[in-house]
Amino acid sequence: MSFYLRALRYGIIRLVSLTRFSLPILVTLSLTLATVMTAVAISSNVLFQPLPDIKNEHTLYNVAISKKLNDKMKLPILGSNLFLHLKAHYASQGQWAYFKPSAQSITVAEQNYAVTQFDAFQGTEQILGTQLVLGENSQTSASIKERVWISETLWRQVFSGDPEVVGKQLNLDAQPYLIQGVLQDFTSNSYGDKHGRQQIWRFDDLSTPIATNMPDAIRNNETFFLLQSTLPALDTNQLIAVAEQGIAEDDFLNKFPAPTTATVKLYRDHLVGKNKVMILLLLSAFVGLLLMACSNLINVFIAHYQGRHKEFAISKSLGANKLKLINQIFIESAPLFISAGVLGLLGAAWIIKLLPIIFNKEFPLLHSISVNQTTYLFAIISLLLMNLLFSLLCFFHLPLKHLNQALQGSGKGVAKSGSSRLQKGLFVVQLCIASTLLVSLAMISHQSYQTLYPNLGYQLKNTLLMTVKLKQDGAQQTSNELRSEKSAQTQQRAQDLSNHLQQNLTQLEILQGRGEPLGLTNIFHFSKHPVTQADLSYQSSQLTPDFLSAFDIPLIAGRNISEQEWQDKAKVMLINENLAQLLSPDEPIESLLNTEFEKAKIIGIVGNTFNLMTRNKLQAISYQHLNYQTQQEIKLLMQLPAGEAFATQTLQQLALAFDPNIDQVEMRTLNEYWNATTADTRMLFYFTNLLTLLTLALAAIGMAGLATSLTEQKRFELAIRMATGASRNQLLRLVLAQASWLLFSGLCAGVIFATLVYTSLQPKIASLPAFDLMPIILIDLLLIIIVLIATLWPAKRIINRAPMQALREL
């Protein structure tokens, strides 16, 4: 027992006394373990652990129905009437429900609180399995109109856990609501933890179906149609036919000739969605980094124990068997691996705390991610396996076959080169892993960069979009004449507000319309080609005389709309190059000038632009006079010179004081809209760059260390050759020739492996960009430079010394 205690004691002392050996291993291993265990924690919690607040998740399905406009865009056809139609048709299939999360704010005792609001069908909380804490559920409640249910966290934080909270009042959308109950926090939704667990629920029994030509609150991308059923999943073809029957003839959706699509997925699969692929790729990348780190550290371990080969030779000569010597190495290394594991777990816990910042609190199930039992088990098993592997490799690379030679040898020449075959194998393995990771990361990073910094075709400038929400009178305008009258009143109110702001803030330049190049207010159109009658889809944006100059959009041919034409609402339009090429593929685009399209005269052609609706894909766009002001809101665009800040508080005060019918004022610059929309891509870009640098650093350190070690093993040979008259150039050529074969074989294996892995994954993962040889070429050139420097540096240090001096230093 004392033998193993001495080994353990030596391992503990070595942590402190031999920092040159222990510190690099501790830092490298703990950092890579932290990243891997973070990925394990994310994958185990998000992909495999039961949803924390869903009852019977294996029977809960999400039903999605939409119009497929193109490969990247779908228009949801979820709506109140369609929901009721599906609920009635599939009544025997199970229970139906829906909920729609959204960001909202409430007022309690004149204090505003940010919350997540859930608009849901009556009884949805029972289908989900959300437990009732206080009050009545929505099914048994005598009334659900003007009633809300609050989450347990909101109850405790805002109402101090008051047991008499039922019946108290809060304000939502400037309307009073009575609290009918307290529900368990519901966090298993796609909205993530954007506003923590402060939530409110509003329920509707849909007893009054909404007219098909009126806005529908649940016709929204973020609405979840739920079906709880123990029967086999719905047939999608039949579901499409049933859904199309449920769309009324006068519904605007019938204007879209696009095909109807439907998906039925388990709620969990729909919730995780594309994040599942990202999580698995993240886990694979981090495991690759861990393998690279292990490849680096194996060389350090072997070199350390080869330096102690006489000690192990003495132990063997005194009767120690192989198992005892392997156990000695294993126990000596245990404190080092345990320390790295503890630091790795602490690092993983710290990284997990940063996930809300990294993912902007919009990652599903973000709250449930923690260092759990799976993470601990993975850490223990991986550390045991690494320690065992390192111990075996170190032992079998000790020169113990011939004890006399081991006890008397100087450690030079052949005796010290026993590990060269393993080092060469590790060199090739590292090149394969590094090439695969770097190629994938470089392509994703390049695609993200192109998405973040495209040639938009315009300048956003210092532009602010003000959205003014008007108070609703509660009456739905069912008559076309009444709606037209209401819209005209809103337009006049918008013009009066614009004049009011311009008079009070003379430095502002308020634009004539609300059309902007980001496509926030664009309208989709589906039509027929005027000649071929083929389906034609395009967007339309509002055109005003100052639109092109306000955003520096180039006019390629023709002319802009005149002030008089705009005032007269003349039937004229501008089109972009893309739409012009669709309309006239065989003729010059200038031939379209003064021709008619969609009952409007084409007077000009502008350059192509990218917008937020299509991101990095060009879209056909027309620009014409459109009535964009609705009954419920006013949108105003205003500009300031570059570098000047908008006085948003003053603007809000002026707008609210101008008209008592104004309820809320929201303001964001176009740059803020762009940054918010591209936040996920920007984070992916930064993350892939960071991961690329980490991979490159590990690859550079590992391959440089291996190349240096292989060259150092030839020190004795190089010194002998120098002493026997070999020139410096001859020795450098010898070192380069030997290194070149290893480098060439490693790069070839790396390129082949990276190409096979990437090309096999790319068709299965839509988010991966198309394969490109350029990143492989650039990465290989960089790796060649690193390896050559690492090979030539120690060789030149030996060669530049005098032959006898080099021999004496060995």
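**Packing and cores**

Q: Which residues does Tyr-267 touch, not counting residues up to four places away in sequence?
A: This is a predicted model, in which local features need pLDDT of at least 70, side-chain atom pairs count only at pLDDT 80 or more, and totals for chains, interfaces and linings use all residues. Residues are numbered from 1 along each chain as its sequence is written, and side-chain values use heavy atoms, with hydrogens and water left out. With contact taken as heavy atoms within 4.5 Å, and leaving out residues up to four places away in sequence, Tyr-267 touches Leu-51, Ile-54, Leu-60, Tyr-61, Asn-62, Phe-99, Phe-186, Ser-188, Asn-189, Phe-224 and Leu-226.

Q: How many residues has the largest nonpolar core?
A: A nonpolar core joins buried (under 20% relative accessible area, 1.4 Å probe, protein chains only) Ala, Val, Leu, Ile, Met, Phe, Trp, Tyr and Cys residues through side-chain atoms within 4.5 Å. In the largest one, Phe-99, Trp-201, Tyr-267 and Phe-301 have the most contacts inside the core, whose residues number 94.

Q: How many residues are in the second, separate core?
A: Leu-518, Phe-551, Ile-553 and Phe-610 are among the members of this separate core. The number of residues in this second core is 26.

Q: How many nonpolar residues are in the contact of H8 with H11?
A: H8 contributes Leu-290, Cys-294, Leu-297, Ile-298, Phe-301, Ile-302 and Tyr-305, while H11 contributes Met-386, Phe-390, Leu-393 and Cys-394. No polar and no charged residues take part in this contact, and the count of nonpolar ones is eleven.

Q: Which residues of H11 meet H2?
A: Helix H2 covers residues 19–48 and packs against H11 at an angle of about 140 degrees, with the axes 9 Å apart. From H2, the residues Leu-29, Leu-33, Val-36, Met-37, Val-40, Ala-41 and Ser-44 take part, and the H11 residues that they meet are Thr-374, Thr-375, Phe-378, Ala-379, Ser-382, Leu-383 and Met-386.

Q: What is the phi of Ala-109?
A: Most residues other than glycine have a negative phi. Ala-109 sits in the loop between strand E3 (95–108) and strand E4 (111–121), and its phi is positive, near 55 degrees.

How values were computed: Helix = DSSP H or I, 4+ residues; strand = E, 2+ residues; numbered from the N terminus. Nonpolar A, V, L, I, M, F, W, Y, C, P; charged D, E, K, R; others polar. Buried < 20%, exposed > 50% of the residue type's maximum accessible area, 1.4 Å probe, protein only. Axes fitted to C-alpha atoms, helices over the stretch in contact; angles between N-to-C directions.
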